[in-house]
Amino acid sequence: MPRPVMDILVKPAGPDCNLACEYCFYSGRERLFPGSKTRMNGEVLEIMISQLMTQPVEQVSVGWQGGEPTLMGIPFFRKALGLMQRYTRGKTVANGLQTNGMLIDKNWAKFFKEFHFLIGLSIDGPEHVHDHYRHARGGQGSWRKAEDAVKRLMDEGAEVNALTVVNDYSVNFPEEIYGFHKSHGLNFMQFIPCVETDTHDPGKAAPFSVSGEMYGRFLCTLFDLWLADFSDGVPTTSIRFFESLLFKYAGFPPTECTLLNECGTYVVVEYNGDVYACDFFVEPEWKIGNLRETPLVLLMNSERQRQFGLLKADLHEVCRTCQWRELCRGGCIKDRLRSPMSANLNHFCVAFKMFFPYADARLRGLADDWKRKQE
């Protein structure tokens, strides 16, 4: 039986964005779509939703990303919701949207609350951290509008997660960033380590990349901050990486794809219906088709998607004998294949080898406590 498409990332505005963040891994993707306006039309939208919703599954998840998806405007998303309702066949649909917050006004906040969108807001922390790399096209900082977006979303009662990039600058401020998020009610946090290849020297990491050693220190400090905020054995803040690890310690599949044995558990749909294997691999080599020509479920089960998924199992020899292999599984393949380190060794291998010995006993204890409570 073919594997269903349970999760998709949709880029309705393609790579178009109203910011020019220096560390953006998606900048430059415009070259894939020369001479066209990167906006998803009604035909592609309906084909995508009908293919997704008519599968024999009970729940699907749609993540709207970019670029900047709010450039599409609220009417586009109302149309998407109407199509989901038309084709639903009793399914539960989980909608999430990642935004830089620049266009979030009261109307957007009300819309997200009304239709139960989970919002991932890209905010790197306090102003000096956030504005270090997250600039508008004119060079001015974007923090003020991002903070305003937090307040508007919170005031309307929308669900908001903080999406925070850890770069060579922000890595120095784990306490300040964590405290900032808490003070703004952003108790659900995801930290994304940044590494890209230097465009001028492919043998080096880009200057804004965080080193493995610094990221390891960041994780250890963050872990202590997270544990310090437990109350009666229960976390009062959520950090996705730590909670995903807890799932593994407790014997369940992790919630973060970087910790899975294989990749290829979702697909990415661009504005024109092109389908790619992964958000970090929207490039010609990993285009697996177009949903106007081949249904999503067939693309999900294609040989090319299978080949992509198996890349993760091709571990570096260092990983094969590592005591932490079953936890990290070599990490995200983006951080392996684009690492300036030796071939296929994760840029953050050093970080994991610092963090796992530091946190292992306490993570085991937390998992054991949780399992006892379930008995």
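1. Basis. Residues are numbered from 1 along each chain as its sequence is written, and side-chain values use heavy atoms, with hydrogens and water left out. Because the model is predicted, local features need pLDDT of at least 70 and side-chain atom pairs count only at pLDDT 80 or more, while totals for chains, interfaces and linings use all residues.

2. Helix α8. Helices (H or I, at least four residues) and strands (E, at least two) are DSSP runs, numbered from the N terminus. Helix α8 spans residues 240-249 and is mostly covered, with 7 of its 10 residues buried. Buried means under 20% relative accessible area, exposed over 50%, and partly exposed in between (1.4 Å probe, protein chains only). The buried residues of α8 are Phe241, Phe242, Ser244, Leu245, Leu246, Lys248 and Tyr249. They pack against α7 (212-228), β9 (238-239), α12 (325-328) and α14 (349-374). After α8 comes glycine 251, with a positive phi near 95°.

3. The α7 and α8 pair. The axes of α7 and α8 are 10 Å apart, and the helices pack at an angle of about 80°. Axes are lines fitted to C-alpha atoms, for helices over the stretch in contact, and angles run from 0 to 180 degrees between N-to-C directions. Angles under 35 degrees count as roughly parallel, over 145 as roughly antiparallel, 65 to 115 as roughly perpendicular and the rest as oblique. α7 and α8 are therefore roughly perpendicular to each other. Which residues meet here? From α7 come Leu219, Leu222, Phe223 and Trp226, and from α8 come Phe241, Phe242, Glu243 and Leu246. By class, this contact has 7 nonpolar, no polar and 1 charged residues. In this count Ala, Val, Leu, Ile, Met, Phe, Trp, Tyr, Cys and Pro are nonpolar, Asp, Glu, Lys and Arg are charged, and the others, Gly among them, are polar.

4. Nonpolar cores. A nonpolar core is a set of buried Ala, Val, Leu, Ile, Met, Phe, Trp, Tyr and Cys residues joined through side-chain atoms within 4.5 Å. The largest such core has 77 residues, and those with the most contacts inside it are Met40, Leu45, Met48, Trp64, Phe77, Phe112 and Phe117. Helix α2 (residues 74-87) gives the most to this core, namely 7 residues. Another core, of 39 residues, lies apart from it and has Phe191, Tyr215, Leu219 and Tyr249 among its members. In soluble globular proteins, nonpolar side chains tend to be buried together.

5. Methionine 40. Contact means heavy atoms within 4.5 Å. Neighbours within four places in sequence aside, methionine 40 is in contact with Val10, Pro12, Leu45, Met48, Met72, Phe76, Val269, Glu270 and Tyr271.

6. Backbone angles to check. The peptide bond from glycine 66 to glycine 67 is cis, with omega near 15°. Glycine 67 sits in the loop between β2 (59-64) and α2. Arginine 89, a residue other than glycine, has a positive phi near 50°. Its place is the loop between α2 and β3 (92-99), and arginine 89 is exposed, with a relative accessible area of 64%. Aspartate 232 is not a glycine either, yet has a positive phi of about 55°. Aspartate 232 is in the loop between β7 (230-231) and β8 (234-235) and counts as exposed at 77% relative accessibility.

7. Aromatic pairs. Rings of Phe, Tyr and Trp (its six-membered ring) pair if their centres lie within 6.5 Å; planes under 30 degrees apart count as stacked, over 60 as edge-to-face and the rest as tilted. The whole structure holds 37 aromatic pairs. Phenylalanine 25 and phenylalanine 280 form a tilted pair, 4.7 Å centre to centre with 45° between the planes. These two are 255 residues apart in the chain. Phenylalanine 25 is partly exposed, at 24% relative accessibility. The rings of phenylalanine 281 and phenylalanine 308 have centres 5.3 Å apart and planes at 70°, so this pair is edge-to-face. Both phenylalanine 281 and phenylalanine 308 are buried.

8. Phenylalanine 223. One aromatic cluster is formed by Phe223, Trp226, Phe230, Phe241, Phe242, Trp324, Phe352, Phe355 and Phe356. Phenylalanine 223 belongs to helix α7 and is buried, with a relative accessible area of 0%. Beyond four places in sequence, phenylalanine 223 is in contact with Phe242, Phe355, Tyr358, Ala359, Arg362 and Leu363.
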